[in-house]
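This report is a first guide to the structure shown below. It takes up single residues, then pairs of residues, and then whole chains.

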Amino acid sequence: MANDYPQGVDMAAAIAAGFVLDRREAVPQLIGRHEDFLFVTGLAGTARDIAALTHDGSHIYTMAGAMGGACMIGLGLALARPDKRVLVATGDGELLMNIGALATIAVLNPANLAILCVDNGHYGETGYQKSHTSLGVDLERSRPAPASSAPAPWRARPISPRAGACCAKATAPPFVVLRVKPDDPPSYKRNMEPASCRVRFRGALLGAG
Amino acid sequence: MRGDFGEGNPWQYPMGQAVEPVLRAMGVICLRIEQPQEVVPTVGAALTMAFQGGNAVAVLLTQKLLGAKAF
């Protein structure tokens with residue numbers, strides 16, 4: 001069974017450190033009705049999670065470059081369109097590249113933005129090198145936010161099927177960290193042509209009042 | 001450099017293809033390396049051009065040298 005895991009991953013150590021969930025089950029269960037959100041995703045794992053969940057729907061914008069930009073793209077979208085719920089789904093590696101984005105989001109505090117970090121403790125796409133979260137960094141505790149106004153980070157372990165519904169009704173940006181096993185995401189082949197995905201996403205944004 | 005020889009990810013082209021024109025427009029001399037045996041002499045030449053010649057120099061490690069990424 002261990003042979004099924006990505007090469008070089010110490011799965012026992014990862015599980016002992018709390019990376020226990022199966023992302024193929026946890027992400028869909030957490031999100032619930034994906035039609036309730038516009039999605040911005042990170043590059044590899046979360047892009048495939050959300051593309052598989054939505055069958056590469058027009059209401060998702062999955063990145064394949066611009067690493068570190070997912071949260072700020074989501075923030076801009078949430079600020080520009082307060083009538084829409086925006087869900088940023090990104091990985092620990094992508095989030096760690098621009099963790100200051102969380103401080104800006106905490107300050108601006110848009111009620112229609114939620115952030116889901118699918119944390120597998122590794123840079124999966126480039127060969128499962130360990131990320132900071134495998135080396136002791138806890139994204140929930142280290143999230144930069146003003147102490148007075150910050151909503152408590154959501155404890156998403158074990159999975160609550162209602163968490164997605166709560167994200168859809170929240171009045172401050174929820175920040176959910178799912179600690180998942182460093183295992184491969186769904187092997188969904190998504191559209192990676194950025195211009196056509198932008199046009200498609202814009203259609204979804206403008207189409208449904 | 002991404003967005004270069006053999007690139008399969010469309011997201012990587014805008015930045016990769018802009019590197020050399022942008023650097024040149026800023027007055028940076030660009031030296032492209034495509035073969036492993038060019039690395040040492042090119043870096044040596046760039047060091048001379050920068051620290052004796054007083055010029056801004058970039059050594060560009062192309063994907064023909066590095067191989068295109070699979071992601």
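## A buried histidine in chain A

A:His34 has a relative accessible area of 15% and is therefore buried, the cut-off being under 20%. The model is a predicted one, and this value, like the others in the report, is computed from it. A:His34 sits in the loop that runs between α2 (23-31) and β1 of chain A.

Which residues does A:His34 contact, leaving aside its neighbours within four places in sequence? They are A:Phe39, A:Leu53, A:Thr54 and A:His59.

## An arginine in helix α2

Helix α2 of chain A holds A:Arg24. Is A:Arg24 exposed, partly exposed or buried? Its relative accessibility is 44%, so A:Arg24 counts as partly exposed.

When residues up to four places away in sequence are not counted, A:Arg24 touches A:Asp184, A:Pro185, A:Pro186 and A:Ser187. Two backbone oxygens lie by polar atoms of its side chain: that of A:Asp184 at 3.3 Å and that of A:Pro185 at 3.0 Å. A:Asp49 is 25 residues from A:Arg24 in sequence, and the C-alpha atoms of the two are 7.1 Å apart in space.

Side chains of opposite charge can pair when their charged atoms come close. Over all chains of this model, the count is ten salt bridges.

In one of them, the side chain of A:Asp119 meets that of A:Arg179, with 3.7 Å from N to O. A:Asp119 belongs to strand β4 (residues 113-119) and A:Arg179 to strand β8 (residues 175-179), both of chain A, so this pair ties together parts that are 60 residues apart in sequence. Both A:Asp119 and A:Arg179 are buried. Another salt bridge joins the side chains of A:Asp83 and A:Arg81, at 2.9 Å from N to O. A:Asp83 has a relative accessibility of 46% and so counts as partly exposed.

## Salt bridges within chain B

In chain B, the side chains of B:Glu34 and B:Lys64 form a salt bridge with an N to O distance of 3.9 Å. B:Glu34 is placed in the loop between β1 (29-33) and α2 (39-51) of chain B, while B:Lys64 is in helix α3 (residues 63-66) of that chain, so the pair ties together parts that are 30 residues apart in sequence. Both partners count as partly exposed: B:Glu34 at 29% relative accessibility and B:Lys64 at 38%.

There is also a network in which salt bridges that share partners join B:Asp4, B:Glu20, B:Arg24 and B:Arg32.

## Nonpolar cores

The largest nonpolar core has 28 residues, and A:Cys71 and A:Phe175 are the ones with the most contacts inside it. Several elements of chain A each supply at least two residues of this core: β1 (38-41), α4 (70-80), β3 (86-91), α5 (92-96), α6 (100-108), β4, β8 and α8 (194-207). The largest share, five residues, comes from α4(A).

## Chain B as a whole

Chain B has three helices and two strands. Taken from the N terminus on, its elements run α-β-α-β-α. Its C-alpha atoms fill a box of roughly 40 × 30 × 10 Å along the principal axes.

Of the 71 residues in chain B, 30% are buried. Among contacts in chain B with a separation of 6 or more, 63% are between residues 24 or more positions apart.

## Where the chains meet

How many residues of chain A are in contact with chain B? Eleven residues of chain A contact five residues of chain B. On the side of chain A that touches chain B, the residues divide into six nonpolar, three polar and two charged.

The size of an interface is often given as the accessible area lost when the parts come together. Between chain A and chain B about 690 Å² is buried, and carbon and sulfur atoms give 72% of that area. The count of salt bridges between the two chains is zero, while three residue pairs are in polar contact, both residues being at pLDDT 80 or more.

How values were computed. Residues numbered from 1 in each chain as written. Chains lettered and ligands numbered in written order. Predicted model: local features only at pLDDT ≥ 70, side-chain atom pairs only at ≥ 80, totals over all residues. Heavy atoms only, no water. Salt bridge = Lys/Arg side-chain N within 4 Å of Asp/Glu carboxyl O. Buried < 20%, exposed > 50% of the residue type's maximum accessible area, 1.4 Å probe, protein only. Helix = DSSP H or I, 4+ residues; strand = E, 2+ residues; numbered from the N terminus. Contact = heavy atoms within 4.5 Å. Buried area = accessible area lost by both parts, 1.4 Å probe. Polar contact = N/O pair within 3.5 Å; in protein donor to acceptor, adjacent residues only side chain to side chain. Nonpolar A, V, L, I, M, F, W, Y, C, P; charged D, E, K, R; others polar. Core = buried A, V, L, I, M, F, W, Y, C linked by side-chain atoms within 4.5 Å.
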